[in-house]
Amino acid sequence: QVQLVESGGGLVQPGDSLRLSCAASGLTFRLYDMAWFRRAPGEENDFVAGIGWSGDNTYYADSVKGRFTVSRDNAKNTVYLLMHSLKPEDTAVYSCRARLRSGSPIYSISTYNSWGQGTQVTVSS
């Protein structure tokens, strides 16, 4: 059974930073593409950032490009999302998702069958 557990969320002020972690188990982590999605209040899940199975390719939504960095540590079966210069619009539940390496666009949420419960990020002054 694949299990993804996110952590690191919290309440911060605009301009602050947070680092989210997603610990994976029940899968051969090194063979999976990993991605972060977020759901703001009253909205659908949106792609935030992704990293390919090899770790060589990263992808970002335009809204977070230059502020967020996604990385992975295969030895720890963990993917990270480092968030700088947080804005109120970043407020959302952030979830980590996994899929076996694929040629489909990494932002396509329908290609992911496993996801965690999510961690809340609230950016407010």
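1. Basis. The model is predicted, so local features need pLDDT of at least 70 and side-chain atom pairs count only at pLDDT 80 or more, while totals for chains, interfaces and linings use all residues. Residues are numbered from 1 along each chain as its sequence is written, and side-chain values use heavy atoms, with hydrogens and water left out.

2. Strand E1. Strands (E, at least two residues) are DSSP runs numbered from the N terminus. In E1, residues 3-7, Leu-4 and Glu-6 point to one face and are buried; buried means under 20% relative accessible area, exposed over 50%, and partly exposed in between, with a 1.4 Å probe and protein chains only.

3. Pairing of E1. Strand E3 (residues 18-25) runs antiparallel to E1, and 5 bridges join them; two strands pair if DSSP finds at least two bridges between them. Val-5 has Ala-23 in E3 as its bridge partner.

4. Disulfide. The count is 1 disulfide, a disulfide being a pair of cysteine sulfur atoms within 2.5 Å. Cys-22 and Cys-96 form it, with sulfur atoms 2.3 Å apart. Cys-22 is in strand E3 and Cys-96 in strand E9 (residues 92-100), 74 residues apart. The torsion about their S-S bond is about -80 degrees, so the disulfide is left-handed. Both Cys-22 and Cys-96 are buried.

5. Aromatic rings. There are 3 aromatic pairs. Rings of Phe, Tyr and Trp (its six-membered ring) pair if their centres lie within 6.5 Å; planes under 30 degrees apart count as stacked, over 60 as edge-to-face and the rest as tilted. Phe-37 and Phe-47 are edge-to-face, at 5.7 Å centre to centre and 75 degrees between the planes. Phe-37 is in strand E4 (residues 32-39) and Phe-47 in strand E5 (residues 45-51), so this pair ties together parts 10 residues apart in sequence. The rings of Phe-47 and Tyr-107 have centres 6.4 Å apart and planes at 65 degrees, so they too are edge-to-face. Phe-47 is buried, at 16% relative accessible area, whereas Tyr-107 is exposed, at 54%. Ring pairs link Phe-37, Phe-47, Tyr-107 and Tyr-112 into a cluster.

6. Charges over rings. The criterion is NZ of Lys or CZ of Arg within 6 Å of the ring centre and within 35 degrees of the ring normal. The charged end of Arg-97 sits over the ring of Trp-115, 4.8 Å from its centre. Arg-101 lies over the face of Trp-53, 4.7 Å from the ring centre.

Notes
Helices (H or I, at least four residues) and strands (E, at least two) are DSSP runs, numbered from the N terminus.
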